[in-house]
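Please open the model in your viewer and keep the sequence panel beside it. The tour moves from one selection to the next and says at each stop what is there.

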Amino acid sequence: MIYWIASYPKSGNTWMRLFLSAYRHGAIDINNPITFAHDDLAPGNHQPLLRKPVSELTNTEYLFVRPAMILQMMHAAGNGRVFLKTHHAVCSIDEFPLIPHVVTEGAIYMVRDPREVAISYAKHCDATIDETIDVMENPQAIATTGNGLYHMLATWSNHVDSWADAENGIKCHVVRYEDLHRAPHKAFKSVIEALGWEYSEDRLHATIHATGFDKLQAQEQENGFRERSKRAKEQFFRAGNVDSWRHILTKEQVQRIEQAHGEAMTRMGYQLEETQDHGSNSDRQRVARHHGNADADRQDERNGPVQECG
């Protein structure tokens, strides 16, 4: 069965995977494959199933090959649990479920203040903050990685709702990025317990120390990081900030984010600064919760905003 490590981009997914890998296996090298948490868009997991290069897949063809990739990963694991990293929302395109419930055991879902996401994701993709806010507001938004594959993001609120909503039938443990910074012992311990792993206080302390942001930054400075976007002009492990939006975003940018996502932000425990009425967009924000009517051909034509970070 599949256990998803899921998030909207730039919300701590990589940090969580590195922590889990270090807790499970000891010393961590950020450029070694994270053996138990494969990337669900890794070309190497798709190419054996194809007769042409992954980069030549249309979006519609990707929908056909994705279930086979998932089954292949499960077959390779035998009766074991398969961890897959994803930035997909829990939705369907042309009736193809991107996160199939029938093979899903559970999920760890990382969520981060969207005001910080807008800054970090813009840096990651070498886009402007306003362009990134546009992407975060659009129900048809996708993210490409330059290899012919893509993640269906929908809006930031759609993404959060699709994973955190108990109605989706997925046993999901939600972890706030900010809590990993402010209370790492409690937050990471909750993840270990959610996974049903054997708990060791000493191992937890050692792992938190080994995967501290300063340690990850030092490794990237020395050896680079292969998951860093080719478009990015700064390090992948850039700052890991939790409140930098207060002095980076304009008042208008804060208002845009809070008006679009205030309902989901409040539900996730994020305090609103500028917006009083944040419920007006709730119907539009829920369009993609069960995204059964999304059209793969329309996605091929790139009518929605595309955040290209490959």
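This is a predicted model: local features need pLDDT of at least 70, side-chain atom pairs count only at pLDDT 80 or more; totals for chains, interfaces and linings use all residues.

Select Leu 41 and show its surroundings: leaving aside neighbours within four places in sequence, Leu 41 is in contact with His 46, Tyr 62, Thr 145, Asn 147, Leu 149, Tyr 150 and His 151, where contact means heavy atoms within 4.5 Å. Leu 41 lies in the loop between β2 (37-39) and α2 (43-46); helices (H or I, at least four residues) and strands (E, at least two) are DSSP runs, numbered from the N terminus. With a relative accessible area of 3%, Leu 41 is buried, a word that here stands for under 20% relative accessible area, with exposed meaning over 50% and partly exposed the range in between (1.4 Å probe, protein chains only).

Residues are numbered from 1 along each chain as its sequence is written, and side-chain values use heavy atoms, with hydrogens and water left out.

Now show the whole chain as a cartoon, which has 14 helices and 10 strands. Of its 310 residues, 54% count as buried, and among contacts between residues at least 6 apart in sequence, 73% join residues at least 24 apart.

Next, select Tyr 8 and the residues that touch it. Not counting residues up to four places away in sequence, these are His 87, Tyr 109, Met 110, Val 117, Tyr 121, Val 135, Met 136, Leu 153, Ala 154, Thr 155, Trp 156 and His 159. Tyr 8 is also one of the residues that touch the most other members of the largest nonpolar core, together with Ile 2, Trp 4, Ile 70, Trp 156 and Trp 163; this core has 42 residues. A nonpolar core is a set of buried Ala, Val, Leu, Ile, Met, Phe, Trp, Tyr and Cys residues joined through side-chain atoms within 4.5 Å. To trace it by element, colour β1 (2-7), α3 (59-77), β3 (82-86), β6 (104-111), α4 (114-125), α5 (129-137), α6 (156-164) and α12, the elements that give two or more residues to this core. The largest share, six residues, comes from α4. Apart from this core lies another, of 23 residues, among them Ile 5, Tyr 23, Ile 108 and Ala 187.

Stay with α6, where eight of the nine residues are buried, including Trp 156, His 159, Asp 161 and Trp 163.

Which residues do ring pairs link into a cluster? Select Tyr 3, Trp 15, Phe 19, Tyr 23, Phe 83, Tyr 177, Phe 188 and Trp 197. Rings of Phe, Tyr and Trp (its six-membered ring) pair if their centres lie within 6.5 Å; planes under 30 degrees apart count as stacked, over 60 as edge-to-face and the rest as tilted. The whole structure has 11 aromatic pairs. The rings of Trp 15 and Tyr 177 have centres 5.7 Å apart and planes at 70 degrees, so this pair is edge-to-face; it links helix α1 (residues 13-25) with helix α7 (residues 177-182), across 162 residues. The rings of Trp 15 and Phe 188 have centres 6.0 Å apart and planes at 80 degrees, so they too are edge-to-face, with Phe 188 in helix α8 (residues 184-195). Trp 15 is buried at 7% relative accessible area, and Phe 188 at 1%.

Finally, select helix α12 (residues 251-267), which bends by about 80 degrees at His 261, the bend being the angle between axes fitted to the seven residues ending there and the seven starting there. After α12 comes Gly 269, whose phi is positive, near 90 degrees.
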